[in-house]
Amino acid sequence: MRLIAALVSILALSGQAIAQITTCQSTPKASDRLACYDRGTPPTGAPSHSDELRLPPRPIKPRVVDMLAAENSKLDAKLKTICRGC
């Protein structure tokens, strides 16, 4: 019984999304079609200058040093100086 109720609710909610998409799909010009989709769900972009002022400052994270990578690069530099065909 729960399965049937869940199926009915999913079908009922998906009908609205399909109805909104078909109006923009029938627009022949690409730029007009994009404007139609943008009216339905405006694009999200970079925050404007006024939005940046309202955000709290980001905490400065300390730079993480990978000690193993540093040791490996030193060892690689030493191994490249070994003469291999003397």
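At 54% relative accessibility, Ile4 counts as exposed, and this residue has its place in helix H1, which covers residues 2-25. The points below begin with the protein as a whole and then turn to single residues.

**Overall build**

- Of the 86 residues in the protein, buried residues make up 3%.
- The accessible surface of the protein comes to about 8500 Å², and 65% of this area belongs to carbon and sulfur atoms.

**Confidence of the prediction**

- The protein averages a pLDDT of 75, and 72% of the residues score at least 70.
- Among the elements of the protein, helix H3 (residues 49-54) has the lowest mean pLDDT, at 57, whereas helix H4 (residues 67-80) has the highest, at 89.
- Where pLDDT is low, the predicted coordinates should not be read in detail.

- Ile4 counts as exposed because its relative accessibility of 54% is over the cut-off of 50%.

**Thr27 in the loop**

- Thr27 lies in the loop between H1 and H2, and at 19% relative accessibility this residue counts as buried.
- The value for Thr27 is 19%, and the residue is therefore classed as buried because the cut-off for that class is under 20% relative accessible area.
- Not counting residues up to four places away in sequence, Thr27 touches Asp32 and Arg33.

**Tyr37 in helix H2**

- Tyr37 has its place in helix H2, which covers residues 30-40, and this residue is partly exposed, with a relative accessible area of 32%.
- Tyr37 is called partly exposed because its value of 32% falls in between the cut-offs of 20% for buried and 50% for exposed.
- From C-alpha to C-alpha, Tyr37 and Thr23 are 9.3 Å apart in space, while in sequence these two residues are 14 residues apart.

Note on methods: Residues numbered from 1 in each chain as written. Predicted model: local features only at pLDDT ≥ 70, side-chain atom pairs only at ≥ 80, totals over all residues. Heavy atoms only, no water. Buried < 20%, exposed > 50% of the residue type's maximum accessible area, 1.4 Å probe, protein only. Areas by Shrake-Rupley, 256 points an atom, 1.4 Å probe, with all protein chains shown as cover. Helix = DSSP H or I, 4+ residues; strand = E, 2+ residues; numbered from the N terminus. Contact = heavy atoms within 4.5 Å. pLDDT = per-residue confidence, 0-100.
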